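This briefing concerns one protein chain and is arranged by topic. Please keep the sequence and the structure in view while reading.

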Amino acid sequence: MHLRKITGLLAAVSALVLALGLGAVQAGEPAVPAKHHAHAAHKKTAHGKISAAAAMAAKNRHTVKAPQVVIVSKPATDAKDFDYLARIQEAQELVAKQPVLPGDMQLDGGGQLSHFVWTLAVGAEKGPLTIVRMDEAGKNEQGFTITWPVDNFINTKFHVTQPDGLIVFAQRRPVRTKDGYQEAVYTAYAPELDTKTMRAAGMDYLRHLENLAYNRINDRDVRSRVAPSHTVSEEIPRDMVLRLMITEHVDPLHMKFVGIEQCVHEVLFTIAANQGHAYAYARSSAGAMGLPQFMEDSYQMVRTNYPAALLEPDFALGMTNLSNAVLASVLLMDLELTQLPRDTLKRFTDSNRQFAAYLAAGYNRNPAHVVQSYLRTHSLTGGQHVSFENKMYVRIQSWVGDFLKKEYRLPS
């Protein structure tokens, strides 16, 4: 979902800062993570005289109205409260031990998945679970009617319409890996399972990951690149990793239809249901992976800048190990701070909301470009060169922060 590549932009930022007469924070000249977006190429028009009316008509033809950066709020699903954790674990274990039969996963001549079988654990709130083997069209031997709005790979949301009252508690299907495909077990969001207890369990697991990351920083005395006399845990607010891990999986288009509250519900449920495997198979078209949606270049740059953290050397393994992945996210936010001129850093850290906005903007976008935008416009997301995605991301993380403060008493 989010493309982060590493480029040597420190020199460019330093030149900008010097031109503006500002002293940048120095921390051993670390390389910086960068996020790049594709830019459309525009042809220059031929020189020549045109009428004012023709110029205006041409301008109007090529003017595209920018999408509005709006948070959509709608009532979210809130099913009758129940703790489904044990039921989901039972279903996942049952699906995992089912034999993989010949033909369950077929590849074409190019190595692409051409046919597969879903293995589902279906049942009521209590009682026996039924294993349903189903093809891509929904055909199964039990005669169950199971529908889904869109094939979203391992996150496909199923609905059992016949027999009535049944829920898909777990699924197994092939997922792509760097070496091909493998069978994976997962529980996707279902509105029947979206309960207060399940969402709280998702929040508790995020806090658990946060605690593991900060304990590791303190135990290994991982020093901040922007303030070497302090550890990273002293520089990066603990709640930031929580809000960004949620924000990474809020899709603005989905939010437009269901509302942001529902998006957050779905993220918290997914984390609760899958815990150590939550978003382990999430991979963007650009190669960003896992719960934190890291690119490999960014990950290896963080490893280089924070050797004391002892991050997992292998990128793919590092992203599927959620405690390692969250630790890398905290360290990346500290690395972002090296891009800020000293007086700007002081101004941001004096305001929790402004500081959070910068960390979010830099996490989603090249932090050097965020600084440039701020120095030009006095806004972290101002100006025509800031993408809609980045503006939306910063707005969403702010809303998520307020939500966590209201629902879970986290600082905002």
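**Structural briefing**

Helix 3 (residues 85-96) lies across strand 5, strand 6, strand 9 and strand 10, and runs at about 50° to strand 9. Angles run from 0 to 180 degrees between N-to-C directions, and axes are lines fitted to C-alpha atoms, for helices over the stretch in contact. Helices (H or I, at least four residues) and strands (E, at least two) are DSSP runs numbered from the N terminus. The model is predicted: local features need pLDDT of at least 70, side-chain atom pairs count only at pLDDT 80 or more, and totals for chains, interfaces and linings use all residues. Residues are numbered from 1 along each chain as its sequence is written, and side-chain values use heavy atoms, with hydrogens and water left out.

- Four strands form an open, antiparallel sheet in the order 6-5-9-10, where two strands pair if DSSP finds at least two bridges between them.
- Strand 6 (130-134) and strand 10 stand at the edges with a single partner strand each, so one side of each has no neighbour in the sheet.
- On average, and with direction ignored, neighbouring strands of this sheet are turned by 25° against each other.

**Strand 9 and its partners**

- Nine of the 11 residues of strand 9 are buried, so this strand is largely enclosed by the rest of the structure; buried means under 20% relative accessible area, exposed over 50%, and partly exposed in between (1.4 Å probe, protein chains only).
- Strand 5 (residues 118-123) runs antiparallel to strand 9 and is joined to it by five bridges; Leu120 has Gln171 of strand 9 as its bridge partner.
- Seven bridges pair strand 9 with strand 10 in the antiparallel sense, and these two strands form a hairpin with two residues between them.
- In strand 10, Tyr181 stands opposite Arg176, and Ala184 stands opposite Arg173.

**The largest pocket**

- The volume of the largest pocket is about 1,500 Å³.
- Of the 48 residues lining the largest pocket, Asn152, Asn155, Tyr281, Ala282 and Arg283 are the closest to its centre.
- On a 1 Å grid over the protein atoms alone, a pocket is an open set of points where a 1.4 Å probe fits, with protein on both sides within 12 Å along at least five of seven lines; lining residues have an atom within 4 Å of a point.
- Grid points are joined across faces, edges and corners, and a volume is the space filled by probe spheres set on the points.
- Strand 4 (113-116), strand 9 (167-177), strand 10 (180-186), helix 8 (260-274) and helix 10 (315-320) each supply at least two lining residues; strand 9 gives the most, with five.
- The lining has 23 nonpolar, 15 polar and 10 charged residues; Ala, Val, Leu, Ile, Met, Phe, Trp, Tyr, Cys and Pro count as nonpolar, Asp, Glu, Lys and Arg as charged, and the others, Gly among them, as polar.

**Backbone features in the loops**

- Phe153 lies in the loop between strand 7 (145-147) and strand 8 (159-162), and has a positive phi of about 55° although it is not a glycine.
- Phe153 is exposed, with a relative accessible area of 56%; beyond its neighbours within four places in sequence, Phe153 is in contact (heavy atoms within 4.5 Å) with Gln171 and Arg173.
- His378, in the loop between helix 14 (367-377) and helix 15 (388-408), has a positive phi of about 60° although it is not a glycine.
- A cis peptide bond with omega of about 0° joins Gln162 and Pro163; Pro163 is found in the loop between strand 8 and strand 9.
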